[in-house]
Amino acid sequence: GAVIELDDLTKHYPGSQLPAVDGVNMEIAAGETVILVGPSGCGKSTTLRMINRLIEPSSGRIRIDGEDVTDIDPVRLRRRIGYAIQSSGLFPHMTVAENIAQVPRMVGWSKARIRDRVEEMLDLVGLDPREFHSRYPRQLSGGQQQRVGVARALAADPPVLLMDEPFGAVDPITRDHLQDELIRLQHELHKTIVFVTHDFDEAIKLGDRIAVLREQSHIAQFDTPEAILTN
Ligand code: ADP
Ligand code: ADP
(Lines give C-alpha, C1' and ligand atoms only; values in the text may rest on other atoms or scores of the structure.)
(Ligands and ions follow the chains in the order given, each with its own letter.)
Protein backbone atom coordinates (compact mmCIF):
# COMPACT_ATOMS: atom_id res chain seq x y z
CA GLY A 1 0.00 0.00 0.00
CA ALA A 2 0.87 3.68 -0.07
CA VAL A 3 3.17 5.13 2.58
CA ILE A 4 1.96 8.67 1.94
CA GLU A 5 -1.57 9.46 0.78
CA LEU A 6 -2.75 12.98 0.03
CA ASP A 7 -6.48 13.17 -0.28
CA ASP A 8 -7.88 16.39 -1.74
CA LEU A 9 -5.26 18.31 0.22
CA THR A 10 -5.92 22.05 0.26
CA LYS A 11 -4.30 25.04 1.95
CA HIS A 12 -5.85 28.45 1.80
CA TYR A 13 -3.72 31.00 3.69
CA PRO A 14 -5.82 33.59 5.47
CA GLY A 15 -6.06 36.79 3.48
CA SER A 16 -4.98 35.36 0.11
CA GLN A 17 -7.27 35.29 -2.91
CA LEU A 18 -6.56 31.76 -4.08
CA PRO A 19 -5.54 28.58 -2.27
CA ALA A 20 -1.78 27.97 -2.25
CA VAL A 21 -2.52 24.26 -2.68
CA ASP A 22 -5.80 23.30 -4.27
CA GLY A 23 -7.06 19.75 -3.94
CA VAL A 24 -3.94 17.60 -4.38
CA ASN A 25 -4.43 13.84 -4.63
CA MET A 26 -1.35 11.64 -4.58
CA GLU A 27 -0.24 8.21 -3.43
CA ILE A 28 3.42 7.50 -2.79
CA ALA A 29 4.52 3.90 -2.41
CA ALA A 30 7.11 2.48 -0.01
CA GLY A 31 10.63 3.02 -1.26
CA GLU A 32 9.55 5.44 -3.94
CA THR A 33 11.13 8.83 -4.63
CA VAL A 34 8.65 11.39 -5.87
CA ILE A 35 9.88 14.76 -7.05
CA LEU A 36 7.65 17.82 -6.92
CA VAL A 37 8.88 20.19 -9.60
CA GLY A 38 7.27 23.46 -10.55
CA PRO A 39 7.65 27.23 -10.56
CA SER A 40 8.35 29.27 -7.46
CA GLY A 41 5.16 29.89 -5.49
CA CYS A 42 3.21 26.90 -6.83
CA GLY A 43 2.79 25.44 -3.34
CA LYS A 44 5.58 22.84 -3.11
CA SER A 45 6.86 23.93 0.31
CA THR A 46 3.34 24.35 1.61
CA THR A 47 2.60 20.74 0.64
CA LEU A 48 5.71 19.39 2.40
CA ARG A 49 5.03 21.51 5.48
CA MET A 50 1.53 20.07 5.71
CA ILE A 51 2.82 16.50 5.42
CA ASN A 52 5.32 17.26 8.21
CA ARG A 53 2.52 18.84 10.22
CA LEU A 54 4.22 22.20 10.51
CA ILE A 55 1.04 23.83 9.14
CA GLU A 56 -2.57 22.68 9.17
CA PRO A 57 -4.39 21.90 5.93
CA SER A 58 -7.54 23.95 5.30
CA SER A 59 -9.19 20.75 4.12
CA GLY A 60 -8.35 17.28 2.92
CA ARG A 61 -6.36 14.51 4.56
CA ILE A 62 -2.84 13.22 4.87
CA ARG A 63 -2.15 9.62 5.78
CA ILE A 64 1.22 8.12 6.65
CA ASP A 65 1.16 4.31 6.63
CA GLY A 66 -2.62 4.57 6.63
CA GLU A 67 -2.73 6.72 9.75
CA ASP A 68 -4.01 10.30 9.69
CA VAL A 69 -1.04 12.58 10.54
CA THR A 70 -3.20 14.57 12.93
CA ASP A 71 -3.48 11.39 15.04
CA ILE A 72 0.28 10.77 15.24
CA ASP A 73 1.99 12.19 18.31
CA PRO A 74 4.91 14.57 17.56
CA VAL A 75 7.71 12.28 18.76
CA ARG A 76 6.43 9.37 16.67
CA LEU A 77 6.07 11.69 13.70
CA ARG A 78 9.73 12.76 14.08
CA ARG A 79 10.74 9.10 14.19
CA ARG A 80 8.97 8.49 10.92
CA ILE A 81 9.75 11.67 9.02
CA GLY A 82 13.07 13.39 8.38
CA TYR A 83 12.83 16.91 7.03
CA ALA A 84 15.54 18.92 5.29
CA ILE A 85 14.96 22.41 3.96
CA GLN A 86 16.70 24.91 1.74
CA SER A 87 17.57 27.28 4.56
CA SER A 88 18.97 24.33 6.60
CA GLY A 89 16.68 25.04 9.60
CA LEU A 90 19.54 24.58 12.08
CA PHE A 91 19.18 25.80 15.63
CA PRO A 92 21.66 28.70 15.89
CA HIS A 93 22.39 28.19 19.59
CA MET A 94 23.35 24.52 19.13
CA THR A 95 26.60 23.13 17.73
CA VAL A 96 26.65 21.03 14.58
CA ALA A 97 26.80 17.86 16.68
CA GLU A 98 23.91 18.97 18.92
CA ASN A 99 21.81 19.84 15.89
CA ILE A 100 22.39 16.41 14.33
CA ALA A 101 21.78 14.68 17.67
CA GLN A 102 18.50 16.44 18.37
CA VAL A 103 16.02 13.98 16.90
CA PRO A 104 17.92 10.83 18.01
CA ARG A 105 18.00 12.28 21.52
CA MET A 106 14.29 13.12 21.34
CA VAL A 107 13.45 9.55 20.39
CA GLY A 108 15.62 8.07 23.13
CA TRP A 109 18.85 6.82 21.55
CA SER A 110 21.77 6.12 23.93
CA LYS A 111 24.64 8.63 24.18
CA ALA A 112 27.15 6.21 22.68
CA ARG A 113 24.91 5.41 19.74
CA ILE A 114 24.27 9.11 19.13
CA ARG A 115 27.99 9.93 19.26
CA ASP A 116 28.76 7.31 16.59
CA ARG A 117 25.80 8.38 14.49
CA VAL A 118 26.82 12.06 14.47
CA GLU A 119 30.27 11.07 13.13
CA GLU A 120 28.74 8.77 10.56
CA MET A 121 26.34 11.48 9.35
CA LEU A 122 29.08 14.12 9.09
CA ASP A 123 31.16 11.68 7.04
CA LEU A 124 28.15 10.94 4.85
CA VAL A 125 27.68 14.61 3.94
CA GLY A 126 31.42 15.12 3.47
CA LEU A 127 32.25 17.20 6.54
CA ASP A 128 35.27 16.19 8.67
CA PRO A 129 33.86 15.51 12.16
CA ARG A 130 37.05 16.80 13.86
CA GLU A 131 36.68 20.14 12.15
CA PHE A 132 32.91 20.64 12.23
CA HIS A 133 31.57 18.80 15.28
CA SER A 134 31.75 21.76 17.68
CA ARG A 135 31.08 24.65 15.34
CA TYR A 136 27.95 26.76 15.44
CA PRO A 137 25.80 27.22 12.32
CA ARG A 138 26.95 30.85 11.89
CA GLN A 139 30.53 29.54 11.53
CA LEU A 140 29.57 27.55 8.42
CA SER A 141 29.05 28.51 4.79
CA GLY A 142 25.53 28.25 3.36
CA GLY A 143 26.38 25.00 1.60
CA GLN A 144 27.92 23.52 4.76
CA GLN A 145 24.82 24.48 6.73
CA GLN A 146 22.66 22.69 4.18
CA ARG A 147 24.83 19.59 4.47
CA VAL A 148 24.40 19.60 8.24
CA GLY A 149 20.67 20.05 7.65
CA VAL A 150 20.67 16.90 5.51
CA ALA A 151 22.74 15.03 8.14
CA ARG A 152 20.19 16.07 10.73
CA ALA A 153 17.25 14.91 8.67
CA LEU A 154 18.85 11.47 8.23
CA ALA A 155 20.23 11.07 11.76
CA ALA A 156 17.42 9.07 13.35
CA ASP A 157 17.12 6.89 10.23
CA PRO A 158 13.49 7.77 9.43
CA PRO A 159 11.69 5.70 6.79
CA VAL A 160 10.26 8.85 5.16
CA LEU A 161 12.29 11.85 3.99
CA LEU A 162 10.79 15.19 3.03
CA MET A 163 13.37 17.37 1.31
CA ASP A 164 12.73 20.93 0.19
CA GLU A 165 15.51 22.05 -2.18
CA PRO A 166 18.06 20.57 0.23
CA PHE A 167 21.02 20.94 -2.15
CA GLY A 168 20.23 24.42 -3.52
CA ALA A 169 23.21 26.16 -1.88
CA VAL A 170 25.65 23.24 -2.09
CA ASP A 171 28.56 23.41 -4.56
CA PRO A 172 28.11 21.32 -7.74
CA ILE A 173 30.61 18.56 -6.84
CA THR A 174 29.20 18.04 -3.37
CA ARG A 175 25.68 18.22 -4.77
CA ASP A 176 26.47 15.42 -7.16
CA HIS A 177 27.87 13.35 -4.27
CA LEU A 178 24.80 14.04 -2.08
CA GLN A 179 22.45 13.15 -4.94
CA ASP A 180 24.30 9.82 -5.30
CA GLU A 181 24.06 9.24 -1.55
CA LEU A 182 20.33 9.87 -1.73
CA ILE A 183 19.96 7.32 -4.53
CA ARG A 184 21.93 4.84 -2.39
CA LEU A 185 19.68 5.47 0.63
CA GLN A 186 16.68 4.89 -1.54
CA HIS A 187 18.03 1.65 -3.03
CA GLU A 188 19.71 0.13 0.03
CA LEU A 189 17.47 1.40 2.81
CA HIS A 190 14.22 1.73 0.82
CA LYS A 191 13.49 5.22 2.03
CA THR A 192 10.32 6.85 0.83
CA ILE A 193 11.28 10.31 -0.34
CA VAL A 194 9.35 13.41 -1.37
CA PHE A 195 11.81 15.85 -2.85
CA VAL A 196 11.07 19.42 -3.93
CA THR A 197 13.21 21.13 -6.54
CA HIS A 198 12.89 23.62 -9.36
CA ASP A 199 15.88 21.97 -11.10
CA PHE A 200 14.53 19.72 -13.84
CA ASP A 201 17.84 17.85 -14.27
CA GLU A 202 17.87 17.04 -10.56
CA ALA A 203 14.26 15.83 -10.84
CA ILE A 204 15.16 13.52 -13.74
CA LYS A 205 18.23 12.18 -11.93
CA LEU A 206 16.57 11.44 -8.60
CA GLY A 207 12.93 10.71 -9.30
CA ASP A 208 11.14 7.38 -9.66
CA ARG A 209 8.18 9.57 -10.53
CA ILE A 210 7.98 13.28 -11.13
CA ALA A 211 4.96 15.44 -10.39
CA VAL A 212 5.07 18.49 -12.63
CA LEU A 213 3.09 21.17 -10.82
CA ARG A 214 1.41 24.35 -12.04
CA GLU A 215 -0.07 27.12 -9.93
CA GLN A 216 -1.84 26.01 -6.74
CA SER A 217 -0.08 22.65 -7.05
CA HIS A 218 -2.36 21.51 -9.83
CA ILE A 219 -0.68 18.38 -11.19
CA ALA A 220 0.06 18.77 -14.90
CA GLN A 221 1.90 15.44 -15.23
CA PHE A 222 2.78 12.65 -12.84
CA ASP A 223 4.97 10.02 -14.39
CA THR A 224 8.38 8.36 -14.63
CA PRO A 225 11.36 10.41 -15.85
CA GLU A 226 11.40 8.35 -19.08
CA ALA A 227 7.75 9.12 -19.80
CA ILE A 228 8.18 12.79 -18.91
CA LEU A 229 11.20 13.10 -21.20
CA THR A 230 9.39 11.56 -24.17
CA ASN A 231 6.26 13.72 -23.75
P1 ADP B 1 6.84 26.99 -3.52
O2 ADP B 1 7.44 26.15 -2.44
O3 ADP B 1 6.34 26.19 -4.68
O4 ADP B 1 7.75 28.10 -3.95
P5 ADP B 1 5.08 27.95 -1.42
O6 ADP B 1 4.41 26.77 -0.89
O7 ADP B 1 6.23 28.52 -0.65
O8 ADP B 1 5.52 27.69 -2.92
O9 ADP B 1 4.01 29.11 -1.59
C10 ADP B 1 2.78 28.90 -2.27
C11 ADP B 1 1.96 30.19 -2.22
O12 ADP B 1 1.56 30.43 -0.88
C13 ADP B 1 2.72 31.43 -2.67
O14 ADP B 1 1.81 32.25 -3.35
C15 ADP B 1 3.15 32.05 -1.37
O16 ADP B 1 3.28 33.43 -1.50
C17 ADP B 1 2.02 31.68 -0.45
N18 ADP B 1 2.43 31.54 0.97
C19 ADP B 1 3.41 30.73 1.45
N20 ADP B 1 3.52 30.82 2.77
C21 ADP B 1 2.55 31.69 3.16
C22 ADP B 1 2.12 32.20 4.42
N23 ADP B 1 2.71 31.80 5.57
N24 ADP B 1 1.10 33.08 4.44
C25 ADP B 1 0.50 33.46 3.30
N26 ADP B 1 0.85 33.03 2.08
C27 ADP B 1 1.86 32.14 2.00
P1 ADP C 1 9.58 22.05 17.40
O2 ADP C 1 10.21 20.76 17.00
O3 ADP C 1 10.34 22.78 18.45
O4 ADP C 1 8.11 21.94 17.67
P5 ADP C 1 9.38 22.86 14.62
O6 ADP C 1 8.44 21.75 14.40
O7 ADP C 1 9.04 24.21 14.08
O8 ADP C 1 9.69 23.08 16.18
O9 ADP C 1 10.77 22.46 14.04
C10 ADP C 1 11.92 22.96 14.60
C11 ADP C 1 13.07 22.61 13.70
O12 ADP C 1 13.05 21.21 13.47
C13 ADP C 1 12.97 23.30 12.37
O14 ADP C 1 14.20 23.95 12.15
C15 ADP C 1 12.73 22.21 11.37
O16 ADP C 1 13.54 22.40 10.24
C17 ADP C 1 13.16 20.95 12.09
N18 ADP C 1 12.30 19.84 11.80
C19 ADP C 1 10.97 19.87 11.59
N20 ADP C 1 10.49 18.64 11.34
C21 ADP C 1 11.56 17.81 11.40
C22 ADP C 1 11.73 16.41 11.23
N23 ADP C 1 10.69 15.61 10.92
N24 ADP C 1 12.97 15.88 11.37
C25 ADP C 1 14.01 16.68 11.65
N26 ADP C 1 13.92 17.99 11.82
C27 ADP C 1 12.72 18.57 11.69
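Which residue just after α1 takes a positive phi of about 60 degrees? It is Arg 53. The structure is a predicted model, in which local features need pLDDT of at least 70, side-chain atom pairs count only at pLDDT 80 or more, and totals for chains, interfaces and linings use all residues. Residues are numbered from 1 along each chain as its sequence is written, and side-chain values use heavy atoms, with hydrogens and water left out.

Helices and strands are DSSP runs numbered from the N terminus (H or I, at least four residues, for helices; E, at least two, for strands). Helix α1 spans residues 44-51 and is largely enclosed by the rest of the structure, because 6 of its 8 residues are buried. Buried stands for under 20% relative accessible area, exposed for over 50%, and partly exposed for values in between (1.4 Å probe, protein chains only). Among the buried residues of α1 are Lys 44, Leu 48 and Ile 51.

Another positive phi, near 60 degrees, is found at Gln 216, in the hairpin of β9 and β10, which has 5 residues between the strands. Strands β9 (residues 209-213) and β10 (residues 219-223) pair in the antiparallel sense over 4 bridges, where pairing requires that DSSP finds at least two bridges between two strands. Leu 213 is placed opposite Ile 219 of β10.

Turning to charged pairs, a salt bridge is a side-chain nitrogen of Lys or Arg within 4 Å of a carboxyl oxygen of Asp or Glu, and 14 are counted by this rule. One of them joins Glu 32 to Arg 209, with the closest N and O atoms 2.5 Å apart. This pair links distant parts of the chain, 177 residues apart: Glu 32 sits in the loop between β2 and β3, and Arg 209 in strand β9. Glu 32 is buried, at 11% relative accessible area, whereas Arg 209 is partly exposed at 22%.

A salt bridge also brings together Asp 157 and Lys 191 (2.5 Å, N to O). The two residues are 34 residues apart, Asp 157 in the loop between α6 and β7 and Lys 191 in the loop between α7 and β8. Here Asp 157 is partly exposed, with 40% relative accessibility, and Lys 191 is buried, with 4%.

Lys 205 and Asp 176 likewise meet through their side chains in a salt bridge (3.2 Å, N to O). Lys 205 lies in helix α8 and Asp 176 in helix α7, so this pair ties together parts 29 residues apart in sequence. Finally, Asp 65, Glu 67, Arg 76 and Arg 80 are linked in a network of salt bridges.

Technical notes: Chains are lettered from A and ligands numbered from 1 in the order in which they are written.
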